[in-house]
Amino acid sequence: MRKMFTYPFNRKNTLAVFLFVALAMSVSAQAGKTLSDVVNYLQTGKIDSAKIVIDGLMKDSANRKDAQANYVNGFVYKEIYKEKEIGNKQSPARVIALQSFETSLRIDTSKENRDNNSSNIHFLASKFFNDAATSLDTIHYQTAIADYLQYKTASRFIDPNFNSSKEDVNFDLALASVYSQKYVSNKKGNTSYLDLVRKNYFSVLAIDSNNYSANYNMGISYFNEAVDMMSSMDFNVDMVAMDQMQDKSVALFKQSLPFMEKAYQLKPDRKETIEGLSGIYFSLHDVRKSNEFKEKLEKLNKTN
């Protein structure tokens, strides 16, 4: 997946705006402290002190309903995330910051408040996206899913017309590849991952029916399942059981065929697709069609 750009963040300018907003509001103090104290602590790099004060202020229900107090809370936790949890892909501070900015925006939809909160939400959304991209492996993929959902939710919050179709295609293809690795590592124990592989490819095809990778990989997943089924067949089983397994494998080859045909239409010069079609037709006892694709493959090999 591509990396999302990160938004330029000028702490000095942001703090200037932040200070103006904080000083203009009338949020009540807690234990003698106010939001101005929070700003002062931030400007002098005393994040822990800023956190203590803002945490105390946010215990007041009136402050929790105040747009500016939520904005300040979000700002403090964003700074905590940047300075202490930037490497944590499940950063609690980042989640609190995002929720606070969103709450502020719900309460006050004025342009000034929207601009201030939106820029921070954009920044956090970009971090969720990047963390999702770098977590897509067989160990951390659940973190990737959670972060990607956060990215989309945050992006849609500030732009209801946000369209994630392109990112969804790339993410689902990558996630399907991860699930495929999990399945292949233990085909008997991880059968549920095969369902997830196909679920993700179907998601891609729902967005882009002409996606070559999704069509080819969907076809090959059914083909390989059929081959595995036939390879594992115990020939000591009775004829009824053997017929049932053969029927199942034929059904899988038939499921594979339309996806592989579609992949061939999209990219007729790809060797793996031609080989796949030859194998599928051969398995369906259509020797003529199988040979037809064998000849295509031979011609293709001669020209390359």
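Two residues are in contact when heavy atoms of theirs lie within 4.5 Å. With that in hand, select V38: setting aside neighbours within four places in sequence, V38 is in contact with A50, V53, I54, L57, V72 and V76. Keep in mind that what you are looking at is a predicted model.

**The core**

Now widen the selection. V38, I54 and V76 are the residues with the most contacts inside the largest nonpolar core, a set of 74 residues. Which helix gives the most to this core? Select residues 212-231: that is helix α11, and it contributes nine residues.

**Colour by confidence**

Switch to pLDDT colouring. The chain average is 89, and 89% of the residues score at least 70. Among the elements, helix α6 (residues 92-107) has the highest mean, 97, while helix α1 (residues 11-24) has the lowest, 48.

**Helix α9**

Next, select residues 165-185. Helix α9 has 21 residues and runs 30 Å from its first C-alpha to its last, close to the 30 Å expected at 1.5 Å a residue. Show its side chains: the buried ones include E167, D168 and D172, along with F171, Y179 and Y183. What covers them? Bring up α7 (111-134), α8 (141-158), α10 (191-207) and α11, which are among the elements that cover the buried residues of α9.

**Aromatic rings**

Stay in this area and show rings. The count of aromatic pairs comes to 16. Start with F129 and Y151, an edge-to-face pair at 4.7 Å centre to centre with 70° between the planes. Because F129 lies in helix α7 and Y151 in helix α8, this pair ties together parts that are 22 residues apart in sequence. Both F129 and Y151 are buried.

Y148 and Y151 both sit in helix α8, three residues apart, or about one turn of the helix. Like Y151, Y148 is buried. To see the whole cluster, select F129, Y148, Y151, F162 and F171, which ring pairs link together.

**Charges over rings**

Two quick stops here. At F75, look for K78: its charged end sits over the ring, 5.3 Å from the centre. Then go to F293, where K296 lies over the face at 5.9 Å from the ring centre.

Select I280, in helix α13 (residues 271-283). Is I280 buried or exposed? Buried: its relative accessible area is 0%, and the cut-off for buried is under 20%. Not counting residues up to four places away in sequence, I280 touches F223, F253, S256, L257 and M260.

Last stop: H285, in the loop between α13 and α14 (287-303). At 69% relative accessibility, H285 counts as exposed, because the cut-off for exposed is over 50%. Check its backbone too. Most residues other than glycine have a negative phi. The phi of H285 is near 65°, a positive value in a residue other than glycine.

Technical notes:
Residues are numbered from 1 along each chain as its sequence is written. This is a predicted model: local features need pLDDT of at least 70, side-chain atom pairs count only at pLDDT 80 or more; totals for chains, interfaces and linings use all residues. Side-chain values use heavy atoms; hydrogens and water are left out. A nonpolar core is a set of buried Ala, Val, Leu, Ile, Met, Phe, Trp, Tyr and Cys residues joined through side-chain atoms within 4.5 Å. Buried means under 20% relative accessible area, exposed over 50%, partly exposed in between (1.4 Å probe, protein chains only). Helices (H or I, at least four residues) and strands (E, at least two) are DSSP runs, numbered from the N terminus. pLDDT is the predictor's confidence in each residue, from 0 to 100. The expected span of a helix is 1.5 Å times one less than its number of residues. Rings of Phe, Tyr and Trp (its six-membered ring) pair if their centres lie within 6.5 Å; planes under 30 degrees apart count as stacked, over 60 as edge-to-face and the rest as tilted. A charge sits over a ring if NZ of Lys or CZ of Arg is within 6 Å of the ring centre and within 35 degrees of the ring normal.
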